[in-house]
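Please examine the structure shown here. The paragraphs that follow take up a single residue, then a sheet, and then a pocket.

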Amino acid sequence: MTTKLERIAEISARTAKPVFTSLYHMIDADLLKQCFNEIDGKKAVGIDEVTKEEYGEQLDSNVKDLVRRLKNKAYKPLPTKRVFIPKGNGKMRPLGIASFEDKMVQLALKKVLEAIYEPRFLNCMYGFRPNRGCHEALRDVYQHLSRGKINYIVDADVKGFFDHIDHEWMMRFLEWHIKDPNILWLIRKYLKAGVMVDGTFEDTEEGTIQGGNISPTLANVYMHNVLTLWFKLVVRKEARGDCFLVNYADDFVAGFQYKSDAENYYSALQVRMAKFNLELEESKSRLIEFGRYAEQNRKSRGLGKPETFDFLGFTFFMGKSRKGFPCPMVKTSRKKFEKSLKSFKTWLYDNRNQPAGNLIQQLNVKLVGYYQYYSVTFNGFKMSAFLHRVQQFLHKVLNRRGCGRTYTWDGFIDLLKVFPLAKPKVYYALY
């Protein structure tokens, strides 16, 4: 099966306009069993409450029956269970939990779609892609800012992107390369499967459910056609100067050498999004002057320092290199910094009754996880500040355990010599 998928990827990469007419047969028993093994059995269950362990008790017969239903078009995905998780801005993010069998079929379908589209996605796309992630996207933005002639930034975010993907446009995009009606039928089935909210069924007339195995790939296909291809084929050709685009799911940053190009792009972007049933989040979308020459240009016009912009949890700002030259830098955004501190503080108070050694050992695991994302070039000051705040919380927690022992700050420092906290280091270099 891997060889077949690799062959599809090779054809997609080498052909200008590839068309695939026979794909459905690839979702067979072997691929479905492979997907069964790859799915995490500890994840939440769907509305049928079937776990991986229960499904695997009669795996061969279950997969055989599933293949039969897929072949006979008798397969019907169950509605996803809708749950809500808090976001950083106080709002709730809707997620969908599919049944285990649907997770298997979605993962198999995802593998087929990735074989087709991964070779076709542009290099500026980083979200939900193999061997790519947030750090690579950050580095791409930084490289353009530090080496290019960028003077203006359009920082944009799509409002409710996953919830407002237009199903008809999605199918039209897929039909450009996929002519297998069975695969298209299966994808449409998932788009229209509906959700269960507190036991009540709701239709899904638009959008793709966040949390499903297939949703990230479909979202990338949509953004590829709506944004990145348009930027490459239209915006870049019409721009008078240097420009770039970096996209991570529904979050993207574009940079321009000339203000007129940036303004034209920002105006056209809003029209472009509206055409495909999308809308920019006004509070998170703006045009600013930013770049190596921005401070000097603004100073000549009697303006202050260049504005900053946030991307993937980091704030980009203009600083000075060791030699005194203007240099773009990054630091943890204030919102993410405070949110993470609150999370650490809550965890410490919830686990304060553990022995000090065990508590610090588990805390170090959490700290290293935090460092692995936020410890990038230029962010050392914020990392040290975060560790210092966590130390203060830990000191307070140890003195509120009701065991009759209190730690002065000097005594607490002595404790940390025995059970040291993990120290930050640069995990990812931006240059």
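**A residue, a sheet and a pocket**

Ser215 counts as buried because its relative accessibility is 3%, buried meaning under 20% relative accessible area with a 1.4 Å probe and protein chains only. The model is predicted, so local features need pLDDT of at least 70 and side-chain atom pairs count only at pLDDT 80 or more, whereas totals for chains, interfaces and linings use all residues. Residues are numbered from 1 along each chain as its sequence is written, and side-chain values use heavy atoms, with hydrogens and water left out. Ser215 belongs to helix α9, residues 215-238; helices are DSSP runs of H or I with at least four residues, and strands are runs of E with at least two, numbered from the N terminus. Leaving aside residues up to four places away in sequence, Ser215 touches Phe162, Thr208, Ile209 and Gln210 (contact: heavy atoms within 4.5 Å).

An open sheet of mixed pairing is formed by four strands in the order β2-β1-β4-β5, where two strands pair if DSSP finds at least two bridges between them. Because β2 (92-97) and β5 (200-202) each have a single partner strand, one side of each is left without a neighbour in the sheet. Strands β1 (residues 80-86) and β4 (residues 195-197) run parallel and are joined by two bridges; Thr80 has Val195 as its bridge partner in β4.

Strand β2 also gives the most to the lining of the largest pocket, with four residues. Lining residues have an atom within 4 Å of a point on a 1 Å grid over the protein atoms alone, and a pocket is an open set of points where a 1.4 Å probe fits, with protein on both sides within 12 Å along at least five of seven lines.

How values were computed
Buried < 20%, exposed > 50% of the residue type's maximum accessible area, 1.4 Å probe, protein only.
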